[in-house]
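Keep the viewer open as you read, and turn to each residue as it comes up.

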Amino acid sequence: TDTQPMEGAQYHQELPSYSMENGYVLTRQLLDEGKEFTAVFAFSDTMAVGACRAIAEAGKRIPQDYSVAGFDGIELCSYYNPTLTTIRQPIQEIAEESVHHLFDLLDGKSSHQHKIFPGELLEQESTRAL
């Protein structure tokens, strides 16, 4: 499979970022151009839902024809059909740490810093092994 960005991605810059519409339009374009691929990894779970719609409209099945995975771990993933594979972010931990750091910055107790939060892969029904 090709890991390069889709050639027409610049054409669709007016689409809302990380939206279902964006995932739908870009996946539809990929399918319409006849590109060979086995999976879609979307930048967000909402984009993954849009990609699933485009795949279904093309008469293809998930995960039998194409695997789909997203990123965020939103609740929708567990209720979508098929349930979406995703990487869950520790949102609560990120929010709490951000607030604490912001107050420390405002009080002069801290300076700029980078923090990495581990994600969790939730393998669900939208992906399969090749």
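This is a predicted model: local features need pLDDT of at least 70, side-chain atom pairs count only at pLDDT 80 or more; totals for chains, interfaces and linings use all residues.

1. **Leu84 and its neighbours.** Leaving aside residues up to four places away in sequence, Leu84 touches Asp45, Ala48, Val49, Cys52, Val68, Cys77, Leu122, Gln124 and Ser126.

2. **Phe37.** Where does Phe37 sit? Look in the loop between α1 and β1 (39-41). Phe37 counts as buried because its relative accessibility is 12%, and the cut-off for buried is under 20%. For a sense of distance, compare Phe37 with Gln92: they are 55 residues apart in sequence, and their C-alpha atoms are 35 Å apart in space.

3. **Asp45.** Is Asp45 buried or exposed? This residue of helix α2 is buried, with a relative accessible area of 0%. Apart from residues up to four places away in sequence, Asp45 touches Gly70, Phe71, Asp72, Gly73, Ile74, Cys77, Leu84 and Thr86. Asp45 and Thr85 are 40 residues apart along the chain, and 8.9 Å separates their C-alpha atoms.

4. **How α1 and α2 meet.** The axes of these two helices, α1 and α2, come within 6 Å and cross at roughly 40°. The two helices are therefore oblique to each other, and the crossing of α1 and α2 is right-handed. On the α1 side the contact is made by Met20, Asn22, Gly23, Tyr24, Thr27, Arg28 and Leu31. On the α2 side the residues include Thr46, Val49, Arg53, Ile55 and Glu57.

5. The structure holds six salt bridges. One of them joins the side chains of Glu57 and Arg53, at 2.8 Å from N to O. Glu57 and Arg53 are four residues apart in helix α2, so about one helical turn separates them. Glu57 is partly exposed, at 39% relative accessible area. The pair also belongs to a salt-bridge network that links Arg28, Asp32, Arg53 and Glu57.

6. **A salt bridge between strands.** Which parts of the chain does the Glu120–Arg88 pair tie together? The side chains of Glu120 and Arg88 meet in a salt bridge, 3.4 Å from N to O. Glu120 lies in strand β4 (residues 120-122) and Arg88 in strand β3 (residues 85-88), so the pair ties together parts that are 32 residues apart in sequence. Glu120 is partly exposed at 40% relative accessibility, and Arg88 is partly exposed at 36%.

7. **Lys115 and Glu97.** Another salt bridge is formed by Lys115 with Glu97, whose closest N and O atoms are 4.0 Å apart. Lys115 is in the loop between α4 (91-106) and β4, while Glu97 is in helix α4, so that the pair links distant parts of the chain, 18 residues apart. Lys115 is partly exposed, with a relative accessible area of 44%, and Glu97 is partly exposed with 30%.

8. **Backbone details.** Most peptide bonds are trans, and most residues other than glycine have a negative phi. With that in mind, look at the cis peptide bond joining Ile62 and Pro63, where omega is about 5°. Pro63 lies in the loop between α2 and β2 (67-72). A cis peptide bond also joins Asn81 and Pro82, with omega about 0°, and Pro82 is in the loop between α3 (76-79) and β3. Positive phi values occur at Tyr18, near 60°, and at Asp72, near 150°. Tyr18 lies in the segment before α1, whereas Asp72 lies in strand β2 and is partly exposed, with a relative accessible area of 22%.

Key. Residues are numbered from 1 along each chain as its sequence is written. Side-chain values use heavy atoms; hydrogens and water are left out. Contact means heavy atoms within 4.5 Å. Buried means under 20% relative accessible area, exposed over 50%, partly exposed in between (1.4 Å probe, protein chains only). Axes are lines fitted to C-alpha atoms, for helices over the stretch in contact, and angles run from 0 to 180 degrees between N-to-C directions. Angles under 35 degrees count as roughly parallel, over 145 as roughly antiparallel, 65 to 115 as roughly perpendicular and the rest as oblique. A crossing is left-handed if the near helix is turned anticlockwise from the far one by less than a right angle, and right-handed if clockwise.
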